[in-house]
Amino acid sequence: MAESNEAQGQRSGGEAAGAGHICPWWIGWLLLSPLRRLFESPERLLGPHVRPGMTVLEPGCGMGFFSLPLARMVGPAGRVVCVDLQSRMIAGLRRRAERAGLAGRIEAITGTLDEAALEARRGAVDVAVAIHMVHEVRDGAAFVRRLFEMLRPGGRLLIVEPKGHVSAGAFEGTVVLATAAGFAECGRPLGPGGRAVLLERPAGDAV
Ligand SMILES: C[S@@+](CC[C@H](N)C(=O)[O-])C[C@H]1O[C@@H](n2cnc3c(N)ncnc32)[C@H](O)[C@@H]1O
């Protein structure tokens, strides 16, 4: 491997990273601003898709703006599996989860969806959420294929991208990659003007 996951993660700004740049670790703190809840409420965005007892996979979790609310939604019997390239993001997430008494519901992994630790969950994830991170992924086609195989048949993937960084055309390109991977589109949760898509691994699909 030419470059470790950690090295990829510590790169920031200035240098091309496939589809986009990796968000610098210190932005992780800014993304936790309570003001963000006013225009991007985790409960409004994710509540309709997540139930108690579910296993949720969250690649590119950052310091956990969505992870902690997800942990509350899945309850004590559920699990949120959080994966981020940057160890500082994962360290921030772990600290916040401990403080909130939610560490037992969150599995926090430094790396990518290719980490061996995720193999045990292949085909068993109920919901995956990739929020403001797909544009940073080097190989979007491989990324959505991996999400497809991590989900159980009938499992759902929500992708949300920021309008400021991702054009409508680039976002539709991601949707095309996802459908090529086998996903069926089930909706646009933010309406025609937003950059969000809800996809499903068809229920009849064998694991
Ligand atoms: C802009 S931040 C968004 C964080 C969080 N989802 C949020 O909305 O607050 C994008 C995050 O994705 C992570 N990331 C980028 N590519 C990744 C990959 N291939 N696998 C895992 N994490 C990745 C970055 O390290 C960064 O923490």
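Me: Which residue in β7 is the bridge partner of L157?
Reply: This is a predicted model, and in it the bridge partner of L157 is L199, which belongs to β7.

Me: How many bridges join β5 to β7, and which way do they run?
Reply: Five bridges join β5 to β7, residues 196–200, and the two strands run antiparallel.

Me: And how many join β6 to β7?
Reply: Three bridges join β6 to β7, again with an antiparallel run, and within β7 it is L198 that stands opposite G187.

Me: OK, what order do the strands take in the sheet?
Reply: Seven strands form an open sheet, ordered β3-β2-β1-β4-β5-β7-β6, with mixed pairing. The edges are β3 (106–110) and β6 (184–187), each of which pairs on one side only, and from one strand to the next the twist averages 20°.

Me: In which sense do β1 and β4 pair?
Reply: Strand β1, residues 55–59, and strand β4, residues 125–131, pair in the parallel sense over two bridges, and the bridge partner that V56 has in β4 is V127.

Me: Switching to helices, which strands does α5 lie across?
Reply: Helix α5, residues 67–74, lies across β1, β2 (79–84) and β3, and its direction is at about 160° to that of β2.

Me: What about α7, which of its residues are buried?
Reply: In helix α7, which spans residues 140–150, the buried residues are F143, V144, L147, F148 and M150. They cover an arc of only 165° around the axis, so they sit on the same side of α7.

Me: Why would residues that are three or four places apart point the same way?
Reply: An α-helix has 3.6 residues a turn, so residues with that spacing point the same way.

Me: What covers the buried residues of α7?
Reply: The cover includes β1, β4, β5 (151–160) and α8 (168–180).

Me: New topic, the ligand: which residues come nearest?
Reply: There are 20 residues around the ligand, and C23, G60, G62, M133 and E136 come nearest. By type, the shell divides into 12 nonpolar residues, six polar and two charged.

Note on methods
Residues numbered from 1 in each chain as written. Predicted model: local features only at pLDDT ≥ 70, side-chain atom pairs only at ≥ 80, totals over all residues. Near = placed C-beta within 6 Å. Nonpolar A, V, L, I, M, F, W, Y, C, P; charged D, E, K, R; others polar. Pairing = 2+ DSSP bridges. Helix = DSSP H or I, 4+ residues; strand = E, 2+ residues; numbered from the N terminus. Axes fitted to C-alpha atoms, helices over the stretch in contact; angles between N-to-C directions. Contact = placed C-beta atoms within 7 Å. Buried ≥ 20, exposed ≤ 12 C-beta atoms within 10 Å, placed from the backbone. Arc of directions from axis to C-beta.
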